[in-house]
Amino acid sequence: MQQLEVFNQGLMSFLQLGSTPAHAVQSMQKQLLDAGFIQLSEVDAWQLQAGQGYFVIRGGKSIIAWRQGLQAVEDAGIRMLGAHTDSPCLKVKPHAEIVRHGCLQLGVEVYGGALLNPWFDRDLSLAGQVQYWDQQGHLREALLDLRKPLAVIPSLAIHLNREANKGMEVNPQKHLPVVLCQAHEDDQPGIAFRKLLANWLQEEGHEVAEVVDYDLCFYDIQPPALTGLKQEYLASARLDNLLSCYVGLEALLAIDRPQEATSLLVCNDHEEVGSASAIGAEGPFLESVLRRMAGDEVAYQRMISHSLMISCDNAHALHPNFPDRHDENHGPRMNAGPVIKVNANQRYATTSETSALFAGFCKAAEVPCQRFVVRSDMGCGSTIGPITSTRLGVRVVDVGVPQWAMHSIRETVGSQDPWYLARALVVFMSAEKV
Ligand SMILES: [Zn+2]
């Protein structure tokens with residue numbers, strides 16, 4: 001396992017490169033190829049070799065990677081890690097241009113449960129997938145990331161709304177259209193957004209005849225940083241949940257010699273919007289890969305019955321200005337280790353058995369761990385854990401690194417906790433029995 005400083009530098013560069021789920025998957029793909037993993041296509045038949053690493057990507061935004069164990073999967077079960085590649089953001093609408101009052105604005109749709117106030121007055125850039133016809137009439141797809149500030153959603157001055165500090169309601173339709181540049185109503189033909197996209201793609205060497213469609217989101221260009229007097233904290237966009245994707249990948253790659261059991265990492269898109277899609281955790285992606293690994297139905301059922309998934313998604317750390325938002329005995333602290341998330345109503349899939357197993361991995365890795373249950377008078381969030389458990393019938397423990405400001409454009413975690421979690425995951429991946 002890498003040392004803490006190197007590990008955190010790797011985490012920060014992963015967070016910065018992963019401006020969209022597609023970019024996060026692209027950077028995982030690169031790391032896996034560099035580590036000797038073989039990319040498989042769902043279109044082909046597979047011949048899996050013991051000890052070899054493989055991965056498969058669906059829709060460009062969900063990925064499953066695994067190292068095949070020396071034993072058959074039905075005899076040893078699978079050690080699974082789960083996370084999600086998406087984060088709340090603002091996506092560009094299909095007919096986005098709005099020209100008014102001397103500005104060209106782009107209409108946006110809110111993806112997921114974003115905390116909207118922090119999106120104002122940020123240096124925003126644009127990234128995502130673009131579909132275009134090339135000069136020969138073929139439909140192609142490009143990944144675009146402009147990596148420079150080019151848009152802003154300005155706040156309204158306090159002088160024009162004296163009540164702003166008493167609670168500012170954000171109406172996404174009225175208040176979020178992004179300002180891209182100055183423009184006048186008679187400029188119309190020169191400012192078509194698809195034309196701008198075509199120019200940007202051509203600058204990157206794509207032979208674009210016409211942009212047909214896109215899946216693009218705005219993001220804050222401020223890079224991740226260590227902060228706090230002693231750099232106790234790490235602040236960044238998309239910590240929920242690219243942090244867990246990175247930690248899971250590092251754990252999988254740290255197992256560099258073949259183990260008896262197969263280790264697997266699944267990172268799904270669409271968690272922030274409920275996971276119901278062909279590439280989300282409620283879809284068939286993981287099950288179809290597992291069924292191919294098992295071969296027949298009996299082998300599949302035997303494999304599931306002694307597999308375990310650790311579903312990693314960040315948890316709410318106790319906020320010192322809002323301590324009453326946590327149960328008095330269950331307020332996770334920063335840098336006090338990964339959090340085991342429990343909910344009697346199955347919003348988390350943790351059972352007392354899987355919780356005890358995870359606590360054991362932490363103990364063996366010599367890292368602390370904490371437990372979270374939401375206040376009894378508040379609703380509880382959820383994650384891919386219960387969905388995967390319900391779909392596959394596999395045992396799951398829901399865990400995560402404690403963080404502040406979940407779903408803000410900039411979130412904060414303790415700078416020790418990702419590394420603690422990675423060490424516990426390595427113990428899990430190499431454990432003889434789970
Ligand atoms: Zn999450």
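Which residues form one aromatic cluster? In this predicted model, the cluster is made up of Phe7, Phe14 and Tyr246, and the legends below begin with that group.

**View 1. The aromatic cluster of Phe7, Phe14 and Tyr246.** The structure holds seven aromatic pairs. In the pair of Phe14 and Tyr246, the ring centres lie 5.8 Å apart and the planes meet at 40 degrees, so the pair is tilted. This pair links distant parts of the chain, with Phe14 in helix α1 (residues 4-17) and Tyr246 in helix α6, 232 residues apart. Phe14 is buried, and Tyr246 is buried as well.

**View 2. The aromatic pair of Phe193 and Tyr214.** These two rings are arranged edge-to-face, with 5.4 Å from centre to centre and 90 degrees between the planes. Distant parts of the chain are linked here too, as Phe193 belongs to helix α5 (residues 193-203) and Tyr214 to strand β10 (residues 208-220), 21 residues apart. Phe193 is buried, its relative accessible area being 2%, and Tyr214 is likewise buried, with a value of 9%.

**View 3. The zinc site with His84, Asp240 and Asp313.** The zinc ion is coordinated by NE2 of His84, by an OD atom of Asp240 and by two entries for OD of Asp313, at 2.0 to 2.6 Å. The four donor atoms subtend angles of 53 to 141 degrees around the zinc ion, which makes the arrangement irregular. Along the sequence, the donor residues follow the spacing H-x155-D-x72-D. His84 in strand β4 (residues 78-84) and Asp240 in helix α6 (residues 239-254) link distant parts of the chain, 156 residues apart. Both His84 and Asp240 are buried. The peptide bond that runs from Asp240 to Asn241 is cis, with omega near 15 degrees, and Asn241 is also found in helix α6.

View 4. When its neighbours within four places in sequence are left aside, Ile310 is in contact with Met80, Leu81, Gly82, Phe358, Phe361, Val397, Val399, Leu425 and Phe428. In soluble globular proteins, nonpolar side chains tend to be buried together.

**View 5. Charged groups over aromatic rings.** The charged end of Lys91 sits over the ring of Tyr111, at 4.7 Å from the ring centre. Arg423 lies over the face of Trp419, 4.6 Å from the centre of that ring.

View 6. Not counting residues up to four places away in sequence, Gly107 touches Lys91, Val92, Lys93, Ala96 and Ile98. The C-alpha atoms of Gly107 and Pro172 are separated by 9.6 Å, although these residues stand 65 residues apart along the chain.

**View 7. Positive phi values at Asp121 and Gln231.** Asp121, which is not a glycine, has a positive phi of about 65 degrees; this residue is placed in the loop between β6 and β7 (124-134) and, at 48% relative accessibility, counts as partly exposed. Gln231, another residue other than glycine, has a positive phi near 55 degrees. Gln231 lies in the loop between β11 (225-227) and β12 (233-236), and its relative accessibility of 45% makes it partly exposed.

Definitions and conventions:
Residues numbered from 1 in each chain as written. Predicted model: local features only at pLDDT ≥ 70, side-chain atom pairs only at ≥ 80, totals over all residues. Heavy atoms only, no water. Donors = N, O, S within 2.8 Å, 3.2 Å for Na, K, Ca; no water. Tetrahedral: all angles 85-135°; square planar, octahedral: opposite > 155°, others 65-115°. Helix = DSSP H or I, 4+ residues; strand = E, 2+ residues; numbered from the N terminus. Buried < 20%, exposed > 50% of the residue type's maximum accessible area, 1.4 Å probe, protein only. Phe/Tyr/Trp six-rings, centres within 6.5 Å; stacked < 30°, edge-to-face > 60°. Lys NZ or Arg CZ within 6 Å of the ring centre and 35° of its normal. Contact = heavy atoms within 4.5 Å.
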